[in-house]
Amino acid sequence: MNAASLLAVDLPYWAQSLLRVLGGIVAVLLPAGTIVYVFLFKMMSFMQSRLGPMEAGPFGSLQLVAEVGKWLQKEDITPERADRFIFKAAPLVVLVSTFLLVAVVPFGPDAWFTDFEAGVFYMLAVGSVSVLGIIMAGWASANKYSLLGGLRAAGQLIAYELPMVLAVVGVIIQAGSMNLQQIVFAQNAGSMFGWDGLGNPYLLTQFVGFLVFMIAVQAELTQAPFDMPIAESELVSGYMTEYSGFRFLTFFIAEFATAGVFSLIASVLFLGGWGIPFAWFGWETLNDVDDWMNVVGPLIMVAKMMLLAFIIMWVRFSYPRFREDQLQKFAWKVLVPVSLINIMFTAILKVAF
Amino acid sequence: MTSTESLIDRRQMAYIAAQASDARLNVELETEGMTLNIGPQHPATHGTLRIIARLDGEQVVWAEPSCGYMHRGYEKLTEVRTYPQVTTLVNRIDWLGSFANEVPFILAAEKLMGIEAPPRAQWIRTILFELSRIANVSLFLGDLGVQMGAITPVFMAFRDREYVLNLIEGATGGRFHPNFDRIGGLKDDLPAGFVDETRAVMKKLRNFCDEIENLLFGNEIFQSRMRGIGVIPKDVALQYGLSGANLRASGVDWDLRRDQSLPMAWNKVDWKVWTHPDGDSFARCWVRLQETREATLIVDQLLDSIPSGPVMAKVPRIIKVPEGEAWVSTENPLGEMGYYVVSKGDLGPFRTKIRSASFNNISIVPWVLKGVYVPDIITILASLYFILGDIDR
Amino acid sequence: MPKVPGLIKGLGVTLNTLVRTTTQGANTVQYPHEKEAPPLRARGVIALREDNCTSCMLCARSCPDWCIYIEGHKELAPPRRAGGKPRQVNKLDRFDIDYALCMYCGICVEVCPFDALFWSPEYEYSEPHIADLLHDKNKLGEWMETVPEAPALEAGAEKKGKK
């Protein structure tokens with residue numbers, strides 16, 4: 001089964017592939033655009049007693065189009081001493097990691113791009129590909145600020161990769177599967193103390209894991225308070241300093257698309273993903289789920305994504321940033337031990353019940 | 001004196017530390033340090049200050065500020081301008097609190113001429129002086145967040161500073177450069193409704209101070225970035241000639257508004273000089289926050305007690321200042337600002353020495369930046385609070 | 001009451017502002033669509049009443065950056081009373097203010113002994129070309145329409161017989 005079965009037609013393989021690629025692009029760009037408009041343009045402005053863009057389209061809704069047009073017009077500058085190939089490849093590497101991430105996210109009982117058995121493992125693995133792109137960008141720019149930014153990013157992203165992995169381990173233990181689809185199933189078909197009215201979203205049982213995961217996501221996205229690698233007031237945007245025009249746009253899209261994708265993943269892992277509690281309709285297994293969930297599921301996902309992205313952005317607009325050594329201290333001395341204790345308790349409880 | 005001895009000790013320690021880290025760079029790790037050139041075009045220097053920092057990894061081994069990129073030669077310009085023209089020039093020194101720049105110059109000229117402004121003019125001068133302090137420091141409070149990645153405070157600062165600028169514009173005609181002070185008094189009286197409006201705005205500003213305190217100063221991340229960073233002990237602060245909030249944050253109870261008897265209205269109202277014993281970045285910011293709040297209270301009290309009467313003493317239409325020399329300094333938003341005016345009896349000053357606070361305040365940068373991390377350069381510079389116009393004049 | 005952590009308080013401040021902006025509207029003024037009226041004393045543009053000007057050059061000389069250009073010549077005007085001698089008046093040929101140079105200090109308005117210069121709060125006269133910022137006497141005369149009455153003074157002010 002795959003997404004094509006929704007259309008109740010048999011598509012040739014190439015058409016299915018095309019559909020997946022297009023779907024992937026939509027799944028990456030649509031959340032990115034929504035997050036940028038709703039949160040970056042509007043919510044940030046409202047939090048600062050202003051209105052944000054108002055001129056392009058009604059309430060500035062076409063501002064995104066205008067911005068993209070502006071970036072496309074700009075001159076694409078490569079610094080003279082830059083390592084040209086790596087400099088040009090870096091933004092693409094960052095963007096590609098986002099596309100790879102979205103591949104395993106399930107949007108409905110049949111609406112997924114790949115149903116990968118080790119989905120969580122894969123997700124954590126490709127999530128760190130962006131680090132590579134950032135280091136490439138920082139090094140190839142031949143700029144001291146970029147180099148500092150790239151090195152900071154490398155240190156930070158590697159430090160926060162570990163708490164993220166450890167936070168997810170709790171979920172994996174509880175669900176008993178690394179398949180994201182199975183994790184969704186386990187949450188929605190589960191029950192809390194015999195009551196299945198809400199299913200069993202892991203937000204409640206894995207609250208510590210959720211907190212650690214969201215903090216790690218914040219750090220992976222290099223959003224404030226973890227935006228030391230970008231640090232526009234000291235490193236002048238760090239690894240992005242030398243980028244302009246389309247390449248900067250690529251970084252920008254990647255940043256917010258990744259924010260969207262990580263929100264999707266967090267909602268799959270902790271908020272029950274696309275599902276509604278199965279007990280409402282008497283579904284027993286994944287195969288029982290009605291086909292209309294393929295349409296409603298993505299909408300539920302988007303709603304949950306917006307909620308999580310709101311929290312990410314809210315924190316971003318409110319907090320000043322940590323210093324580099326404080327970041328590391330926080331990751332290694334607080335988040336890692338906390339998530340290890342969380343794993344321990346989850347394992348004990350899993351065995352006990 | 002013990003303080004001098006300890007200063008020398010500290011200097012030696014700093015020197016030894018720098019030598020050691022240099023040696024470590026070159027011998028132990030067989031790497032060369034990196035020289036990072038912060039500025040002259042850099043978002044953290046809000047202007048064109050350049051800081052040359054020699055780094056070991058992210059640690060600063062040695063740093064030096066290099067200023068003069070915006071030098072406009074005010075001291076020389078004053079020599080070829082008449083007294084009214086100088087007033088409009090000196091507005092531009094510290095452009096965020098420009099009315100406060102006029103006052104010491106006018107007071108110096110008045111001192112030479114042996115006249116004193118009528119009480120009502122003194123009151124209004126003090127009110128506008130404190131308003132410009134609020135306009136200046138409230139922007140600092142917002143900018144503080146931006147230097148550390150919190151973008152919201154600066155918009156709140158601009159929002160509420162707008163009210164103060166509107167007040168200043170309503171009274172003087174100029175938002176940024178009032179040019180309202182005249183030798184012997186003020187250009188004009190206050191417009192009707194100014195008092196009530198100012199009271200309402202002061203309430204808003206106190207609310208703004210609370211918001212900033214909740215949003216920024218109470219934030220644990222902010223505190224961990226600021227506390228214990230860039231500590232300037234009392235004796236070092238005095239040695240480097242710091243003034244204003246930077247000095248008071250080091251525990252020196254020194255405020256020219258209280259300590260001098262100028263023909264201004266500060267001595268007529270109740271207020272408190274805030275000091276902080278720590279001398280770190282947090283202390284400097286905290287003192288400024290409290291001072292903004294205190295300034296709103298000063299303005300409120302002054303509004304209650306404005307005497308009536310003229311705002312202009314009797315002065316000749318064409319002002320010629322008699323021969324002599326005079327030095328007057330006031331406690332400006334950035335620190336002590338003073339003018340040493342030498343007159344030969346002409347239409348304009350023969351020579352003016354301008355002592356602006358920021359120039360002396362950044363002289364401590366090489367001392368205080370030694371051994372800190374690159375991100376701390378920014379917070380320390382932000383907390384020292386300089387304005388480029390005030391450094392380069 | 002236990003102390004609320006600063007991190008939570010900070011989030012509260014931004015959320016408060018968000019709610020306030022949504023319910024009570026933002027502080028932004030949508031400039032080209034709605035305009036704020038500057039205060040009456042605002043120094044926007046200098047207006048010239050040509051009849052009062054005697055081209056005495058006081059304003060041009062007191063300008064700190066010399067942005068006022070005046071040229072004039074003397075002319076004989078018909079006598080006021082019949083049979084009197086013809087009067088000699090100063091006729092203004094050129095009165096230009098270069099707003100690209102002007103620093104809006106207002107000294108010229110203040111020194112003018114014949115009330116020929118006024119401040120107007122009008123501010124919308126930006127030009128795409130810098131040379132167009134040189135306003136000649138006709139343009140400066142047009143600004144006279146926008147000059148407001150001087151505002152009333154605050155209580156306790158002494159009305160002086162100043163100009």
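The model is predicted.

Chain C contains four helices and five strands. Along the sequence these elements follow the pattern α-β-α-β-β-α-β-β-α. The C-alpha trace of chain C spans about 95 × 45 × 30 Å along its principal axes. Its radius of gyration is 25 Å, whereas a compact globule of 163 residues would have a value near 15 Å. Of the 163 residues in chain C, 23% are buried. Among contacts in chain C with a separation of 6 or more, 73% link residues 24 or more positions apart.

Three strands of chain C form an open sheet in the order S2-S3-S5. The pairing is antiparallel. Strands of a sheet pair through backbone hydrogen bonds, in either a parallel or an antiparallel manner. In the S2-S3-S5 sheet of chain C, strand S2 (68-77) and strand S5 (134-135) stand at the edges. Each has a single partner strand, so one side of each lacks a neighbour in the sheet. Strand S3 of chain C covers residues 87-98 and is joined to S2(C) by ten bridges. These two strands run antiparallel. Within this part of the sheet, Lys74(C) has Asn90(C) in S3(C) as its bridge partner.

A further strand of chain C, S1, comprises residues 45-48 and includes Val45(C). Is Val45(C) buried or exposed? The cut-off for a buried residue is 20 or more other C-beta atoms within 10 Å. Val45(C) has 23 such atoms within 10 Å and is therefore buried. Leaving aside residues up to four places away in sequence, Val45(C) touches Ser120(C), Glu122(C), Tyr125(C) and Trp143(C). Glu122(C) lies 77 residues from Val45(C) along the chain, yet their C-alpha atoms are separated by 6.0 Å.

The contact between chains A and B draws on 25 residues from chain A and 29 residues from chain B. On the chain B side, several elements each supply at least two residues. They are strand S1 (34-38), helix H5 (119-147), helix H6 (152-172), helix H7 (194-217), helix H8 (220-226) and helix H15 (374-384). By residue class, the side of chain B that touches chain A divides into 18 nonpolar, seven polar and four charged residues.

Conventions. Residues are numbered from 1 along each chain as its sequence is written. Chains are lettered from A and ligands numbered from 1 in the order in which they are written. This is a predicted model: local features need pLDDT of at least 70, side-chain atom pairs count only at pLDDT 80 or more; totals for chains, interfaces and linings use all residues. Two strands pair if DSSP finds at least two bridges between them. The radius of gyration is taken over C-alpha atoms; the globule rule is 2.2 Å times the number of residues to the power 0.38. A residue is buried if 20 or more other C-beta atoms lie within 10 Å of its own, exposed if 12 or fewer, and partly exposed in between; C-beta atoms are placed from the backbone. Two residues are in contact if their C-beta atoms, placed from the backbone, lie within 7 Å. Ala, Val, Leu, Ile, Met, Phe, Trp, Tyr, Cys and Pro count as nonpolar, Asp, Glu, Lys and Arg as charged, and the others, Gly among them, as polar.
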